[in-house]
Amino acid sequence: MSTGTADATEHRISEPPSSIKEFLSYMGPAWVFTASQIGGGEVLSVPLGGAYLGMEGIWLIPLITFTKIFGQYYLVRYGVMTGDTFLDALYERSWALKWIFYYVFLGGLIYAIGLSGHLGETAGAFNSLLPAIGTTGWMLITVAAGLLVVGVRSYGLIEKLATSLLWIFLILIAFVSLQTAGVWAPNLASGLVPSMPGRVDGLGVGGMAFILTMFGWIGAGFGPTVSYVWFAKDKVMGMFEPLDDGVEIDKYDLTDEEVSRLKGWGDIVLWQNLLSSVILAVFSFFMWTAAAATLHVQGIQPSGFTVIPEMAAIFTTQFGEWSAILFLLTTVAALFSTLIGPLYGMSRLWEDAFALHGVFDNYNITRDTTFRATIVLFAAIPLSLNLFIEAPLILFALSGALFAPAIGLMYLSVMYMSFDIDIDSLSPVRKWAVALAVFAGVVMIVSGLWEARGSIETIVGLL
């Protein structure tokens, strides 16, 4: 309960946005998350579904995007309500929950494995435009560019760049999908009926394994989800505001007005996530249908470094070579946004984790140095893997299998901690949203355990 001891005329928490214009000014964290996710699971796995399966299995898109989003919503909401990221809160708990802190922390390394898929496909797309440099050369250039952008340590730069790339790519793929509607529209109704999908060799899975893989990669993924929390912190929303101003604040010493404002910020986070989910669903739908109407019809089944170049065939077929070049350029931009967004967010996570362990207090090392060393590590891992194992999409699927349980555990643990807030109804009140978040958490744990064995066996076979 709030005590109301603070001066009611000096509220430490700003009023949440009350107009559409003000709301959009705070959509930055959601835009960066959406751009990061679109350049990840949506660009790499969704077109494979359309290419291999046609319209079969498209029913997974609305199911996944509109369930996983609520687990992510509560992760961000917890920080906005309390001023503590879920990682900080886990660290302060008993070992019954604290071990999840270390799982998430080490999940940064696991996610870096998945970035090999993004890096490989980015380099493959670049190589299609300028083959003289070679795929390896383009990977080195891409890593250097990512380190340069993220190394500036500017959330504002990341937000502006990722938002611009997001909308350019979304408009382009929507255009080509609608142009091919005559091909995919007749099969849309049957595709929306739940059924067991066939095998997708580009991901090395089929049937239930494909469904669970899609649960791992469509919608909120590990890197973008974790990063979203730090984007909201750097955007200084809700309880992050007084902390950013250097104001000492206790959540049990909030005025009634401040509690009301926090509830409003919680609603803003909900609408951010719902809008992001709609964009992800629409984009995934366009990507799937565009691939189904062209690649599937032509019998093209991409894999390895060829997914994006083969996708360019959609544009060549429909509009000519110039449009394929435009598609490759915008796809490279989208994939690049996936590299820089989570690279920034995951490095911020590691920086805060080291702070919790007293590294900066006990050793002569700064936050900036740790941040930049971490982004170099997270960039070096996918680069090394791609140089020695030319299977970016298999590594992509393996990473998803390994960190899917981490996502589920984050969802379930933050739900538990959210109900432990117990301050003037700051705990969750929407039972339907809580149910969807719990469902998403359980499915993510099951999907990771189900898929991990097959992905590991595939990797062993390649070695």
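User: How many aromatic pairs does the count come to?

Analyst: Before the count, please note that this is a predicted model, in which local features need pLDDT of at least 70 and side-chain atom pairs count only at pLDDT 80 or more, while totals for chains, interfaces and linings use all residues. Residues are numbered from 1 along each chain as its sequence is written, and side-chain values use heavy atoms, with hydrogens and water left out. Rings of Phe, Tyr and Trp (its six-membered ring) pair if their centres lie within 6.5 Å, and planes under 30 degrees apart count as stacked, over 60 as edge-to-face and the rest as tilted. By this rule the count comes to 15 aromatic pairs. One of them is the stacked pair of W95 and Y102, with 5.9 Å from centre to centre and 10° between the planes.

User: Are W95 and Y102 buried, partly exposed or exposed?

Analyst: A residue is called buried under 20% relative accessible area, exposed over 50% and partly exposed in between, using a 1.4 Å probe and protein chains only. W95 counts as exposed because its relative accessibility is 56%, whereas Y102, at 27%, counts as partly exposed. A further stacked pair is formed by F126 and W138, whose centres are 4.4 Å apart with 10° between the planes. This pair links distant parts of the chain, since F126 belongs to helix α6 (residues 95-129) and W138 to helix α7 (residues 135-151), twelve residues apart. Helices here are DSSP runs (H or I, at least four residues), as are strands (E, at least two), and they are numbered from the N terminus. W138 has 8% relative accessibility and therefore counts as buried.

User: Which residue lies over the face of Y91?

Analyst: A charge sits over a ring if NZ of Lys or CZ of Arg is within 6 Å of the ring centre and within 35 degrees of the ring normal. K98 lies over the face of Y91, at 4.3 Å from the ring centre, and Y91 itself forms one aromatic cluster with W95, F101 and Y102. Elsewhere, the charged end of K235 sits over the ring of Y26, 6.0 Å from its centre.

User: How many residues of helix α3 are buried?

Analyst: Helix α3 (residues 46-53) is mostly covered, with eight of its eight residues buried. After α3 comes G54, whose phi is positive, near 70°.

User: Which classes of residue line the largest cavity and the largest pocket?

Analyst: Ala, Val, Leu, Ile, Met, Phe, Trp, Tyr, Cys and Pro count as nonpolar, Asp, Glu, Lys and Arg as charged, and the others, Gly among them, as polar. The lining of the largest cavity has ten nonpolar, two polar and no charged residues, whereas that of the largest pocket has five nonpolar, one polar and nine charged residues.
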